[in-house]
Amino acid sequence: MSVTTSVAALLGPTNTGKTHRAVQRMLEHDTGMIGLPLRLLARELYDRITAQLGELEVALVTGEEKRIPERPRYWICTVEAMPLDREVDFLAVDEIQLCAHAQRGHVFTDRLLHARGVRETWFLGADTVREVVQELVPVASIRRHPRFSKLTASGSVHLASLPPRSALVAFSAAEVYQLADRLRGKRGGAAVVLGALSPRTRNAQVAMYQSGEVDYLVATDAIGMGLNMDLDHVAFASLSKFDGRQSRALSPDEVAQIAGRAGRHIRDGTFGTLAPLELGLDVAFAVEQHRFAQVRRVVWRSSDLDFASLASLRASLDVRPRQRLLQLVEHADDSVALTALVARPEITRRAATADEVRLLWEVCEIPDFRKLLPEHHASLLAEIFVALADGRGRLEYDFMERHVKRLESAEGDIDTLVMRMQLVRTWRYVAQRVRWHRDASEWQARTERAEDAISEALHQRLLERFVDKPGKRRRSHAARARRPEVRPQVVEAELAARGPFAALAALRAGLPGAVTSEPDDVAAFCDAVVEAPFDAFVLEATGAITFERERIASLVRGAELLFPEVKLVLERDVPQGRQLLLLRRMRAFSRDLVASVTGAFDTARKDSPVAGCSPVARGLLHRLAQSLGTLPMGPIRAEVAALSSADRASFERAGLVFGRRSLFATRLVDQTNVRRRVALVRTHLGKTAAELADGAISARRSGSLDGTTYARCGYLEVGPLVVRADALEHLEDELEVLAEPGPFRCPAELAVSLGCAREDLESALIVLGYTETEAGFIARPRASGSGRGRARRSRRGARASS
């Protein structure tokens, strides 16, 4: 990527607003990309931004999930999946202190050294990497941010004395389950968060906690990064963890990363341990004061890999760093897998050429979601590579069918479902490798459906095991005391600023009788709406939005014509939590709707045909956007005359036509876009143009609508008629041909083609510059040279319209 003009490191503890600042800064640029440490965080951020901008401008890229519109401006990614070959104005990497992580650190270090935005780059993370950043990126300005709220150590408590709105933290699934069982017996239950859960299951569990249906959360250190919840207290049931190689004590900064989940924004929080475990005073003081040892070395690996042979690949992976701060990675999952695979003769026989070695490395990059013995993961990778090599770089249908079909079941207990979920995630990753399949879309869809089904089942199993039955469940006194007065406008405002699951929980916490489960058909319908692309929705001229012929929402008046709001209008009983997710999707649809109408006039996008136009052209394009794609020529004739030849060429590349009587966008006069324009006008102005809803060529002019309103719908006033802008160009072409030999009678078939009465057309001809005589209609004399210019414009308009 190009060298950046500005690099900054925003460093500080949890709850300092670093990620929020980065997102706001990114959206101030034309293009941007942000890398996040977890797929869950990437999805939450994607949902938040698309609620603001729509889905046509934002891409989501993770190992297991890719949502890439035709021309995205912003890229939300996991750090490993960042497409760094794409040039963006702004680039950010979150949790940059992970450059010291034993397994993943080399990826974060590579981003620190090499990932840059064209105009601006931000690295976000803990203050522990300040000295590392200063040495490795000396041009970076360091910005340190204090925590919004106070974090205080509160000692050790027994389970029976654990305060409400607490999280218990352990570091194995078995211990998490044991603690959740104990809480069910004593306190009515707990939500459960494990790293092995899918984002969907984790979100459902967190939403249950946020709603106040349970007062406790039991989790692994999966809550340590980015899961923003209303926690008052974090209690550690263990202070050691297995890091993939050995069991070790948590470092003070790791304790702080997890404890920092307590107290959000300006609300203070506390942390401690579960008796009889004790937290050392030195660690407690360090966490309270946010004082930790600086990282001395970061993990590194060369990004210049040599695929000429297996030997050269392994040698390039073992290249030693030259800077003292850099330490060669010892146990990266991909290189460990490569070592295991090259020991197998069936692998080395198939990895003789550079292309085969590169393919083997791509297979080694498949993450080990199961976290079993390395030999088990290596066996799966070996099977995939052999299938690819024997299939000339493609996985045969039968091979994928055999592996995916056995995962398409939601039966089993919690452990069975968790194991199946981990395998599904592996095959979702494989399905995203488009070059490996003849039809990747089928496997992407099937693995996504499998993950969704298992996620729903797993959430229900966790609910059944660790939470009292709905009949016995009660909302806690603490949750009731917290519940604010809920006003719809406040809830909708929060939705734009927060992730969907945080917003879902906020709404449910404020509503009595929150629902934790719903019929399968309701859940499936809501999921389908949330995941559906823009074109799956139909906007009626009335402003109603339908999905699969079912009305789900309606446009309502917003602050401006181009900023409509939406409200849900559901035909079925949908729980409040699901309603908020639907509302977020509909808000994204409304943003995409406006972009579909005005996108061709966006001078801010570098890839736009009209980027770089003159100030006069930009002013004209702004007026065209406000008029939804059609401007009568009279008021703008002087501006059009002032356009340069380069401006005119840009306009024509954007599909804009300089007609006799208007400047209009050809792609916005079809039936679908006319209906969208009519809906936007009706929503904002309260004026109905139902006769235009089906994209009619012409209609009788209504006294209740003015010329500006008709133009916004794509029509121009012509006597008693309004005629669609492109059709009016064709009509005037026909009339010139008819008038050329001399007086002519108005043909009946011309009126039929316009869909109007013959007498209305005859009245329109007079407005168009024709005089009715006994012999027929004749063209009134025009200024010298104007006919030739008009003919030239006519031919251009006819070509563009057709």
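E774 is exposed, with 77% relative accessible area; here exposed means over 50%, buried means under 20%, and partly exposed is anything in between, using a 1.4 Å probe on protein chains only. You'll find E774 in the loop between strand 29 (770-773) and strand 30 (776-779). Helices and strands are DSSP runs, numbered from the N terminus: H or I for at least four residues makes a helix, E for at least two makes a strand. R745 sits 29 residues from E774 in sequence, and the C-alpha to C-alpha distance between them is 9.9 Å.

Before going on, a word on what you're looking at. This is a predicted model, so local features need pLDDT of at least 70 and side-chain atom pairs count only at pLDDT 80 or more, while totals for chains, interfaces and linings use all residues. Residues are numbered from 1 along each chain as its sequence is written, and side-chain values use heavy atoms, with hydrogens and water left out.

Now for the whole protein. It has 30 helices and 30 strands, and 55% of its 802 residues are buried. A contact means heavy atoms within 4.5 Å. Of the contacts in the protein with a separation of 6 or more, 70% are between residues 24 or more positions apart.

Let's move to a buried spot. S198 lies in the loop between strand 11 (191-193) and helix 6 (199-210), and it counts as buried because its relative accessibility is 0%. What does the side chain of S198 make polar contacts with? One partner is the side chain of T201, at 3.1 Å. Another is the side chain of S455, at 2.6 Å. A polar contact here is a pair of N or O atoms within 3.5 Å; within protein, one must be able to donate a hydrogen and the other to accept it, and residues adjacent in sequence count only if both atoms are side-chain atoms. Setting aside residues up to four places away in sequence, S198 touches M421, E451 and S455.

A256 belongs to helix 7 (residues 252-259) and is buried, because its relative accessibility is 11%. A256 and A284 are 28 residues apart in sequence, with 8.9 Å between their C-alphas. Beyond its neighbours within four places in sequence, A256 is in contact with T14, V287 and F292. H403, in helix 14 (residues 397-405), is buried too, at 5% relative accessible area. Leaving out neighbours within four places, H403 is in contact with E383 and W427.

How do helix 9 and helix 12 pack? Helix 9 (residues 310-317) meets helix 12 (residues 354-364) at an angle of about 50°, and their axes are 9 Å apart. That angle makes helix 9 oblique to helix 12. L310, L313 and L317 of helix 9 make the contact with V357, L360 and W361 of helix 12. By class, that's six nonpolar residues, with no polar and no charged ones. For the classes, Ala, Val, Leu, Ile, Met, Phe, Trp, Tyr, Cys and Pro count as nonpolar, Asp, Glu, Lys and Arg as charged, and the others, Gly among them, as polar. The axes are lines fitted to C-alpha atoms, for helices over the stretch in contact, with angles running from 0 to 180 degrees between N-to-C directions. Angles under 35 degrees count as roughly parallel, over 145 as roughly antiparallel, 65 to 115 as roughly perpendicular, and the rest as oblique.

Last, the cysteines. C77 is buried at 0% relative accessible area, and C99 is buried at 1%. A search of the whole structure turns up zero disulfides, a disulfide being a pair of cysteine sulfur atoms within 2.5 Å.
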